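Subject: Structure for your review

Hello,

Here is the structure I said I would pass on. My notes on what was found in it follow below the entry.

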Amino acid sequence: MAFSYSFVISLRRLIVATREMPRLLIFSLAVVSLSAAAQTAVETPRTIRVVMDNAYAPYVFRSDEGQLQGILIDQWQAWEKKTGIKVEIHSMDWDDALRRMRAGEFDVIDCVVDTAERRDYLDFTPAYAMVEASIFFHKDISGIADIESLQGFPVGVKTGDQHIDRLRENGVTTVIRFANNREVIEAARQHKINVFVVDAPSALYLLNRLGIESEFRHSSPIFRDGLRRAVRKGDANLLRTVAKGFADIPRDELKQIDEKWLGRTIYGYRRYLSYVGYATAVAILLIAGLVGWNHTLRRAILQRTAALAESELRFRQIAESIREVFWMTTPTMDELLYASPAYEKIWGQSLEILRQRPRSFMEAISTGNREHAAGVPVRKPEQGFEAERRVVRPDGSERWIRVRGSPVKDQSGMVYRIAGVVEDITERKLGGDALRRSAEELKALSRRLVDLQESERRQLARELHDRIGQSLTALRINLAILQTALGSPAIGAIRSRVDDSAALLESMLDTIENVLSELRPPMLDDQGLAAALEWYATSFSTRTGIEVAVRASTPTVRPSPQVEIALFRIAQEALNNVAKHARARRVEITLEHANGECVMSVQDDGIGLAGEQQDTSNKPRPGLGMITMRERSQAVGGRFDAWALPGRGTRLTVRVPY
């Protein structure tokens, strides 16, 4: 345009200088100037900037060294040689390529699909390749055949891909976007997505490159599009230049580029005919070698047979030397294939009977277990099983066995044998039963001892209150009368003795009252557990100086006396442990009733269980107290737990149903 402008200025000067010249000459010069300006305006550019995807194999992708390569790279190099126009190729994530092309940063965009939305800002060449897109999904997923079956699945796609709008039009709304196809496949490898829609050539290349092609399946093609090149809207001159440049590249050269990246076609008859002569010669050599090979094969078979027989002999020797029964049956267990001699010792019958009636071993299993024992391997042969069963021998004696079985599969994965081991666990079973009975007896004995102890305490408290307490009360009254009668100064010494005796009597009454409360708090029977805990907390605080707070809810149904006295004794023992070991300043007792369960917790702010264990003083350990509290809770059917708190302190919790 600058050239045109200067040329017009010169023309005007020329007109002024030559007004005497004929008008025809002036008109000719004007026409020449306009023609030159038009040629300058449509002059072909010397360099074009081309943008394309960065992960779209085999058309364009990067090598391990980061260099761009692929069909499009080689085609543009051929175009550059054919047209003499320099090509600057830029590759980037597809969404960025579309955005920057629309912003005018590039002249041409390659491997683009014609859509209605893109026609607003691009003009397209004819399609130079057709690509198909399929649904790729993990091999563990079934039922995906078309777009409709994708509904409800999160689907991975490349950002900017035309497939996104088509999926949404078909009701697929859960779309997970990735910057490029490489990130889509990498996310699938890491199981971040299990379903994705990608053009087949790129997807298959990346799946094979990562070695995960066997982990995925794909549907029939759901989209088929033509790859094109495009320029900015209205740039018809550049569009013609691009199209003509590729049209001028010889077809053989384009074919060589495709074969370089896609591989060569395997031709049928022509290729095989070239090998007929070789095949004939090889056949003659093969026939000549078959005799020797057959001889070698027979010898190898005989050697393998001998080795198999030796291996079977070793197996039988091992199976017959162990105490457990090794057995093997068909998958339905209707035919016994093998049982080791230890069977006779456990079942009390001969192997000959077992071979004649393979299911006779089931007849010895007690009636209650027989149906379940027979059904486990038959219903689920692909799963192993393990069970304990009771066997009744022909002489009426019983043995306990543990049966373990596992499926044996062939090369196709089908179960064709059930093999297992039977172990005699009679002594272990009886020992365990005896141990459990002993534990139950010890628990019952402990409960009985606690009941007897509480009964003795109640009886002793009643005797102290009814006999000694009443006698001491009467003695106090008599001393009070004597104090009144001995009022004269003459008998002051006698009165002093009487006053001293009265003081000793008061102290004795207080001591007996404390002993009575310790033996059996009277308010526990009259007012309940909460009142007894409040009383004992006050007494404990007065005696030790440790603050004790009691928070108790009122139950709708009062627990049984056995539960109340057990919880009260546990609280007593817990507070005694606090006073002896915890070095605490405050204790909180919580008593709650909910869902038929009484829950009591005792929490202090002392040194905690770990601190108690590290104490190296000669003070008695709290271990016995813990055992006592746990036994008391178990005696009434409860559960006892103790925790060291994260800061400092200990929490004891007792849960007792009532």
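One definition is needed before the notes: two residues are in contact, or touch, when they have heavy atoms within 4.5 Å. Please also keep in mind that this is a predicted model.

Overall

The protein has 658 residues, of which 37% count as buried. Its secondary structure comes to 22 helices and 22 strands. Among contacts with a separation of 6 or more, 62% are between residues 24 or more positions apart.

Nonpolar cores

With residues up to four places away in sequence left out, V108 touches I48, R49, V50, V51, W76, M101, R229, A230, V231, L238 and V242. V108 is also among the residues with the most contacts inside the largest nonpolar core, along with I48, M52, Y59, W76, W79 and I109. That core has 40 residues, and helix 3 gives the most to it, with 6 residues. There is a second, separate core of 35 residues, which includes L533, I546, A571 and L609. As background, nonpolar side chains in soluble globular proteins tend to be buried together.

Helix 3 against helix 8

Helix 3 (residues 71–83) packs on helix 8 (residues 236–247) at an angle of about 100 degrees, and their axes are 9 Å apart. Since 65 to 115 degrees counts as roughly perpendicular, the two helices are therefore roughly perpendicular to each other. On the helix 3 side the contact is made by Q75, W76, W79, K82 and T83, and on the helix 8 side by T241, V242, G245 and F246. By type, the residues of this contact divide into 4 nonpolar, 4 polar and 1 charged.

Strand 10

Is strand 10 (residues 195–199) enclosed or open to the outside? Its residues are buried, 5 of the 5, so the strand is largely enclosed by the rest of the structure. V195, V197 and D199 point one way from strand 10, F196 and V198 point the other way, and all are buried. Strand 7 (residues 129–138) runs antiparallel to strand 10 and is joined to it by 5 bridges. One of the bridge pairs places F137 with V195 of strand 10.

Strand 15 pairs with strand 16 (residues 398–409) over 8 bridges in the antiparallel sense, and F385 stands opposite G405 in strand 16.

Strand 19 (residues 586–594) and strand 20 (residues 597–604) run antiparallel and are joined by 8 bridges; E592 has V599 in strand 20 as its bridge partner.

Regards

How values were computed:
Residues are numbered from 1 along each chain as its sequence is written. This is a predicted model: local features need pLDDT of at least 70, side-chain atom pairs count only at pLDDT 80 or more; totals for chains, interfaces and linings use all residues. Side-chain values use heavy atoms; hydrogens and water are left out. Axes are lines fitted to C-alpha atoms, for helices over the stretch in contact, and angles run from 0 to 180 degrees between N-to-C directions. Helices (H or I, at least four residues) and strands (E, at least two) are DSSP runs, numbered from the N terminus. Angles under 35 degrees count as roughly parallel, over 145 as roughly antiparallel, 65 to 115 as roughly perpendicular and the rest as oblique. Ala, Val, Leu, Ile, Met, Phe, Trp, Tyr, Cys and Pro count as nonpolar, Asp, Glu, Lys and Arg as charged, and the others, Gly among them, as polar. A nonpolar core is a set of buried Ala, Val, Leu, Ile, Met, Phe, Trp, Tyr and Cys residues joined through side-chain atoms within 4.5 Å. Buried means under 20% relative accessible area, exposed over 50%, partly exposed in between (1.4 Å probe, protein chains only). Two strands pair if DSSP finds at least two bridges between them.
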